[in-house]
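Here are my notes for you. Keep the model open as you read the numbered points.

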Amino acid sequence: MKTLADLYEHLLRDVYHAEKQVKKLLPKLARAVTDEDLGEALDKDLVDVVARLECVEGAFEAIDKKAKTVPCEAMMGLVKEGEEVLEEADDDAVDAGILAAYQAIKHYEITRFGTLAAWSKRLGDNKIAAKFSALVSESRALDQHLTELAEAT
């Protein structure tokens, strides 16, 4: 990866893989929680993950590249943490564990979509940059909501 365009394409592939993993994990987490507000937040994010995938696919289209993935080791680790909570936490700890695991996922999304927003702007695609910036805002809002839920319960 020599150029910013090369890095951008690689990060798109990484994030595309990451969001596909999130899409698989979310229904499992949503089914396991007992807190209604947390379940609703996860269900809403399951709808939102489709929009995030579409945004990444649009970015691939904008650079005339096929939407492909590369393994995202970071997200695979975060997903594993979420799955471990499902396997190991008792009923009293499952919601707290899911909150913690899912906030880590949201933090990953904030950093990656923020980077993609900056790089797409630098590469001259302000439209895609704005979409990635909107995803950062949405992820931050959910992260804040999850923090409020954690503090309330």
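1. Lys44 and Asp48 sit four residues apart in helix α2, about one turn of the helix. Helices here are DSSP runs (H or I, at least four residues), numbered from the N terminus. The two side chains form a salt bridge, 2.7 Å from N to O. That term means a side-chain nitrogen of Lys or Arg within 4 Å of a carboxyl oxygen of Asp or Glu. Lys44 is exposed, at 51% relative accessible area. Asp48 is buried, at 17%. Buried means under 20% relative accessible area, exposed over 50%, partly exposed in between (1.4 Å probe, protein chains only).

2. This is a predicted model: local features need pLDDT of at least 70, side-chain atom pairs count only at pLDDT 80 or more, and totals for chains, interfaces and linings use all residues. Residues are numbered from 1 along each chain as its sequence is written, and side-chain values use heavy atoms, leaving out hydrogens and water.

3. Which residue pairs with Glu19 in a salt bridge? Arg52 does, with the closest N and O atoms 2.7 Å apart. Glu19 lies in α1 and Arg52 in α2, so the pair ties together parts 33 residues apart in sequence. Both residues are buried.

4. Arg52 also meets Asp45 in a salt bridge (2.9 Å, N to O). Asp45 is buried too. A network of salt bridges links Glu19, Asp45, Arg52, Lys106 and Glu109. The salt bridge count comes to nine.

5. Now look at α3. Met75, Leu78, Val79, Gly82 and Val85 are buried there. The face turned away from the buried side carries exposed Glu73, Lys80, Glu87 and Glu88.

How values were computed
Helices (H or I, at least four residues) and strands (E, at least two) are DSSP runs, numbered from the N terminus.
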